[in-house]
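Morning, everyone. I have one structure to go through. Let me put it on the screen.

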Amino acid sequence: MSEEYSVEIVNPEKSFLSKNDVTEVVVPAFEGEIGILKDHISIISFLKPGIIKIFSKSGEESFYVNDGIIEFKDNNLSILTSLILNLKDIDKEKISEIQKSAEEELNKPDINDQEKYLLDQKLEVLKSIN
Amino acid sequence: MASLDDLKKRISSVKSTQKITKAMKMVAAAKLRRAQESAEKGRPYSDKMNNIILNLSNGISDIDNAPKLLSGTGEDKVHLCVVMTSDRGLCGGFNTNIIKKAKLYFQKILDEGKTLKIITVGTKGYDQLKRLYGDNIIERISFKESKNVNYFDADKVGKIVIEKFDKNEFDVCAIFYNQFKNVITQIPQEQQIIPLKTSEKEENSLGDNYEFEPEEDEILSNLLPKNISTQIFKAMLENSASEQGSRMSAMDNATRNAGEMVDKLTIEYNRSRQAAITKELIEIISGAESL
């Protein structure tokens, strides 16, 4: 039996990526990373800033996401995100730009703990790829 | 009757107007294709978002404790209307149609004795509404600088709406935009985004057992604000495609009208030229006869 399922990543502008031969996807869910294999139970979860790893027959790919929601159902994984970048052809300038705006936001006086946590996460991930 | 010179001037002026409208039509056609493409590409996101929310709201057992963005404030006193129009004119009935639709809604609200608040997106909407509803307009937004419709602009509008909702400034929020059907037809739409209308709830597959992480309500309260931005973004995409479509057909009409006018003027010009020649001939002949 094949161990593959399909994944689709969409951002508001377009359908970013669609694959049918995925064996495993690791997503940075809000409460920790989740690895999803075929026949996983239906799940809806949130993403925090981090790296999505997609393992497929044709190799491994990594993406940076800012936020997002995932839905897994009937061996279809949908990832909705407002900002996604492929780590392969990433642009250093763009990363620094996001990093800068995150730092600025972190310095605002009126952020709550959750926002702070998310921004800290974001900066950590960004630093690691830069 | 106008003199030959005047006619000549008018013909050339109509011709140059025609050139402009023709060029605008071409530009609109090119932009339309792009706008249509991005509207189509944007659909999966909003559809998926909608689906997830439907699935989630189906799972919510305790409707009283549901997030307010979903269930509403329980009152129906203050209505916020987001009217989306274009920043540029010369696009036929595009803006007027939205405004007409919106005005009907405004009148209904005011007749029922409720409070009306308006946010205009796009300068043309503001221009048309400021005379009648100037006092009701609480915010005006324009994205003249951004070349293409992008999500961040939509998110800005969404954030403003949510901020106002959190401050209890309104109970119900509706957006107005033109839905793109085809080049000739754009349908003005009124869509309620707060509280979320879940009329399609029943149709969706019930009894899906999802695992949620974190809890359902937490996901929902995070997701709903995003959904509002998404809906606004979708409306903006539809709107920009409609604007270009409307402009294209308006400019096409204008070009055709200009063509007709040139034809008419040319006939008139030729007639009066012929009349002048005939007159001269008669003068010469009668002059020669008298000798």
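First, a term: a residue is buried if 20 or more other C-beta atoms lie within 10 Å of its own, exposed if 12 or fewer, and partly exposed in between, with C-beta atoms placed from the backbone. This is a predicted model, where local features need pLDDT of at least 70, side-chain atom pairs count only at pLDDT 80 or more, and totals for chains, interfaces and linings use all residues. Residues are numbered from 1 along each chain as its sequence is written, and chains are lettered from A and ligands numbered from 1 in the order in which they are written.

Start with α3(B). Helices are DSSP runs of H or I, at least four residues; strands are runs of E, at least two; both are numbered from the N terminus. Which residues of α3(B) are buried? They are B:Phe94, B:Asn95, B:Ile98, B:Ile99, B:Ala102, B:Phe106 and B:Ile109. These cover an arc of only 95° around the axis, so they sit on the same side of α3(B). The arc is taken from the directions from the helix axis to the C-beta atoms. Turned away from that buried side are exposed residues: B:Lys100, B:Leu104, B:Gln107, B:Lys108 and B:Asp111. Just after the helix, B:Gly113 has a positive phi of about 75°.

Now the contact between chains. Residues are in contact if their C-beta atoms, placed from the backbone, lie within 7 Å. Chain A brings 20 residues and chain B brings 22. On the chain A side, β4(A) gives the most, with 4 residues.

β4(A) also pairs with β6(B), residues 211-213, in the parallel sense over 3 bridges. Pairing takes at least two DSSP bridges between the strands. There, A:Ser45 has B:Glu213 as its bridge partner.

Conventions: Two residues are in contact if their C-beta atoms, placed from the backbone, lie within 7 Å.
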